[in-house]
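Have the structure open and try each task before you read the solution.

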Amino acid sequence: MQRDAGRAGKAGRARVILGASCYTDAEAALVLAMELARQLGAELQGVFVRETAVLAAGYAHSRAVSYSGQRETGLTGAALAKAFQADARRFRGLLSARAAAAALESSFREAEGHVQEELRRVSQAGDILIFGFKPILRAAGRIAVILAAGQGVPDYTQRLARKAGKPLVALVACPAGAEPVPAPAGQEDSGLETRFCAQPEALLRQLEHMNPAAVIVAAPLADLPPATRIQDAARCPLILQTGG
């Protein structure tokens, strides 16, 4: 069953919230969102966000390619609004159909603003947020999990990587000049590849060169580059869990 999403889900129930500002970004991340919702017994929420920056841009010099392959210039505000409506409708339909087939409870809402800001606004402690992004390269490789020094790998990240058939690599954000902190007991011999990133720029460079299928942020965001920069570097869906 699908319903309109509000700010909060059912009391005490985990939520996986997938946000996107276009259909292709939503579609690219939906499989990940569904798998996490299934594993956690969570409600799956979709949020389509009409990006304020796009709406505010001038239309006179804009260009687009229509579904028929025709080049169109000078897009009007009405044409852009129509395109947003079409993408929102397709996102909602896909979410509803896939969730129903998987027996997942789902909901959907629309908003205007910025995807990452809107998802944080509607989130609660313990929610998992997924910012949709269609990878530029089709043959995406590893799933990356960003950890703080000495932090263990969350179980759900390992299950997600196994389900996706992707290797999992840990990127450990540690202070410049600090000695790498050993992994928690039980993870040293797990075969998990670990890379230490002593500076924010090093972390972003790793992501730029990896072509990851998804990036999971498990470390506190306060100690990392902004989430927008992480996703810009990785060019793939970004997953983070709000503090609980």
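A helix here is a DSSP run of type H or I with at least four residues, and helices are numbered from the N terminus. Keep in mind that this is a predicted model.

**Exercise 1.** Work out whether Glu-35 is buried or exposed.

*Solution.* Start by finding the residue: Glu-35 sits in helix H1, which covers residues 23-40. Next, take the cut-off: buried means under 20% relative accessible area. Glu-35 has 10% relative accessibility, so it counts as buried.

**Exercise 2.** Describe how H1 and H5 cross.

*Solution.* Two packed helices are described by the angle and the distance between their axes. The axes of H1 and H5 (residues 155-164) come within 11 Å and cross at roughly 125°. That angle makes H1 oblique to H5. As for handedness, H1 passes H5 in a right-handed crossing. Sorted by class, their contact has five nonpolar, one polar and three charged residues.

**Exercise 3.** Find which residues of H5 are buried, and where they sit around the axis.

*Solution.* First, list them: Tyr-156, Thr-157, Leu-160 and Ala-161 are the buried residues of H5. They span an arc of only 135° around the axis, so they lie on the same side of H5. Then look at the face turned away from that buried side: it carries the exposed residues Asp-155, Arg-162 and Lys-163.

**Exercise 4.** Say what follows H5.

*Solution.* Step past the end of the helix and you meet Gly-165, whose phi is positive, near 70°.

Key:
Residues numbered from 1 in each chain as written. Predicted model: local features only at pLDDT ≥ 70, side-chain atom pairs only at ≥ 80, totals over all residues. Heavy atoms only, no water. Helix = DSSP H or I, 4+ residues; strand = E, 2+ residues; numbered from the N terminus. Buried < 20%, exposed > 50% of the residue type's maximum accessible area, 1.4 Å probe, protein only. Axes fitted to C-alpha atoms, helices over the stretch in contact; angles between N-to-C directions. Parallel < 35°, antiparallel > 145°, perpendicular 65-115°, else oblique. Left-handed = near helix turned anticlockwise from the far one by under 90°. Nonpolar A, V, L, I, M, F, W, Y, C, P; charged D, E, K, R; others polar. Arc of directions from axis to C-beta.
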